[in-house]
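Thank you for asking me to look through this model with you. Please keep the sequence and the picture open side by side while you read my notes.

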Amino acid sequence: MRPEFLAAFERAATGKTLAFEDILALLPATAAERPLLYRLADQVRAQTMGETIYLRGIIEFSNYCSRNCLYCGLRRDNRELVRYRMTGPEIIAAARVAADRGIETIVLQSGEDGGYPAAELARTIKALKAELAVTVTLSAGDRSRADYVLWRQAGADRYLLKHETADARLFSRLRPGTGLAGRLTRLGWLQALGYQTGAGNIVGLPGQTLAMLARDILLLRRLKVTMAGIGPFIAHAATPLAGCPNGDPALTLNVLAVTRLVLPGAYLPATTALASIDPAGREQALQAGANVVMVNMTPPAYREHYFLYPGKAGSTLTPVENLEQILSLIHNLRGRKAGDQDGRANC
Ligand code: 5AD
Ligand code: SF4
């Protein structure tokens, strides 16, 4: 094992605040070092967050997007994609399938779809709160402050806005026409409006370095996020990054585990992207610091069109099959239980 890894590991294990150099020493953990890192992250997760794996039902309600991110299949210039928008009643019906099975948090995700009227989404949020009494998380990208206000007033509880990369130059190169500063301004608005806020980053983006990943983690700490989604880059054939190498699943787990050490109380999902490039990814993530799973509840007629990247895990299963697969995975993890936001086991 590398001496710099052991020194940083020792600081983490004794509860010291990790500095940039410590994070940089932990991130490239080798095959020999990883078991140590993952075990510590698992212990920290157990001590601060307990044994519950929180299930969120995700409904991908629109795949229209006005942005042209180089990595993403929903980008505006992808003409191969069949575009769809779900109506309010369709969203509520999909959420009901999740709520009926004990899932108490619904994540409504879309591309940056300015054509989806904010007021229509607000009506749906109100109906979800009134009829199903679920926690509502939104993940609809950059919108106006007025839209965020409207949705918060309608009852939305949380907002996920991944910062994608904390490197301003890489951000602008991969997300043309937008900047990291604007993203951070929006995260500030969301927090000030009382949303529980989530960010997160992609691991293995072309041009990304370990130092940039260390800065991703430090940014998450500075933002004091409640949640952080960390998944590998997956090359999509209909994007300008076609043919680029995918992110490394082991490095993704390292980033996740170090994030757990730096943010002991955060909700960290075992991401669908990781499960998509590594069949054991979800299980490994749940044993390396993760404590959340997003269950895809998008109706089968639409889900194949929410094509962010190829091989998306669970995309051929129905919502209920998806849930059952995840419950059985959790069942096989000793000592863990699936639960709702209060930590009561519900499945
Ligand atoms: N690889 C990995 N993650 C991706 N996302 C979009 N495209 C890709 C890709 N090719 C992620 C982004 C976005 C979320 C909806 O999906 O992080 O925030
Ligand atoms: Fe649109 Fe988000 Fe994909 Fe960018 S990452 S193209 S904003 S859906």
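1. A word on conventions comes before the details. This is a predicted model, in which local features need pLDDT of at least 70 and side-chain atom pairs count only at pLDDT 80 or more, while totals for chains, interfaces and linings use all residues. Residues are numbered from 1 along each chain as its sequence is written, chains are lettered from A and ligands numbered from 1 in the order in which they are written, and side-chain values use heavy atoms, with hydrogens and water left out.

2. Which residues are around ligand 1? They are Tyr-71, Cys-72, Gln-109, Lys-162, Glu-164, Ile-202, Pro-232, Phe-233, Ile-234, Leu-308 and Tyr-309, where a residue is near a molecule if one of its heavy atoms lies within 4 Å of it. By class, this shell has 8 nonpolar residues, 1 polar and 2 charged; here Ala, Val, Leu, Ile, Met, Phe, Trp, Tyr, Cys and Pro count as nonpolar, Asp, Glu, Lys and Arg as charged, and the others, Gly among them, as polar.

3. An oxygen atom of ligand 1 lies 2.6 Å from an N or O atom in the side chain of Glu-164, and a polar side-chain atom of Lys-162 is 3.0 Å from an oxygen atom of the ligand. A nitrogen atom of ligand 1, in turn, is found 2.7 Å from a polar backbone atom of Ile-234. Of the 400 Å² of accessible area that ligand 1 has on its own, the protein covers 87%, with areas taken from the Shrake-Rupley method with a 1.4 Å probe and, for residues, only the protein chains shown counting as cover.

4. Ligand 2 has Cys-65, Arg-67, Cys-69, Tyr-71, Cys-72, Leu-74, Arg-75, Gly-111, Glu-112 and Arg-175 around it. This shell divides into 5 nonpolar, 1 polar and 4 charged residues.

5. How many disulfides does the structure hold? The count is 0, with a disulfide taken as a pair of cysteine sulfur atoms within 2.5 Å. Cys-244 is in no disulfide, and the nearest cysteine sulfur, that of Cys-72, is 15 Å away. Cys-244 is partly exposed at a relative accessible area of 23%, whereas Cys-65 is buried at 18%; buried means under 20% relative accessible area, exposed over 50%, and partly exposed in between (1.4 Å probe, protein chains only).

6. Gln-109 belongs to strand β2 (residues 105–110), where helices (H or I, at least four residues) and strands (E, at least two) are DSSP runs numbered from the N terminus. Its relative accessibility is 18%, so Gln-109 counts as buried. A polar contact of 3.3 Å joins its side chain to that of Ser-139.

7. Gln-208 sits in the loop between β5 (196–203) and α9 (210–223), and because its relative accessible area is 15%, Gln-208 is buried. Its side chain reaches the backbone oxygen of Ile-202 at 3.0 Å. Setting aside neighbours within four places in sequence, Gln-208 is in contact (heavy atoms within 4.5 Å) with residues including Thr-165, Leu-170 and Asp-216.

8. Gly-73 and Met-86 both lie in the loop between β1 and α4. Is Gly-73 buried or exposed? It counts as buried because its relative accessibility is 0%, and Met-86, at 1%, is buried too. The C-alpha atoms of Gly-73 and Tyr-306 are 233 residues apart along the chain and separated by 8.2 Å, while Met-86 and Tyr-116 are 30 residues apart in sequence and 9.6 Å apart in space, C-alpha to C-alpha.

9. The last point concerns backbone angles. Most residues other than glycine have a negative phi. Ala-133, in the loop between α5 (118–132) and β3 (135–139), has a positive phi near 50 degrees and is exposed at 64% relative accessibility. Lys-224, in the loop between α9 and β6 (227–232), also has a positive phi, of about 50 degrees, and counts as exposed at 68%.

Note on methods: Polar contact = N/O pair within 3.5 Å; in protein donor to acceptor, adjacent residues only side chain to side chain.
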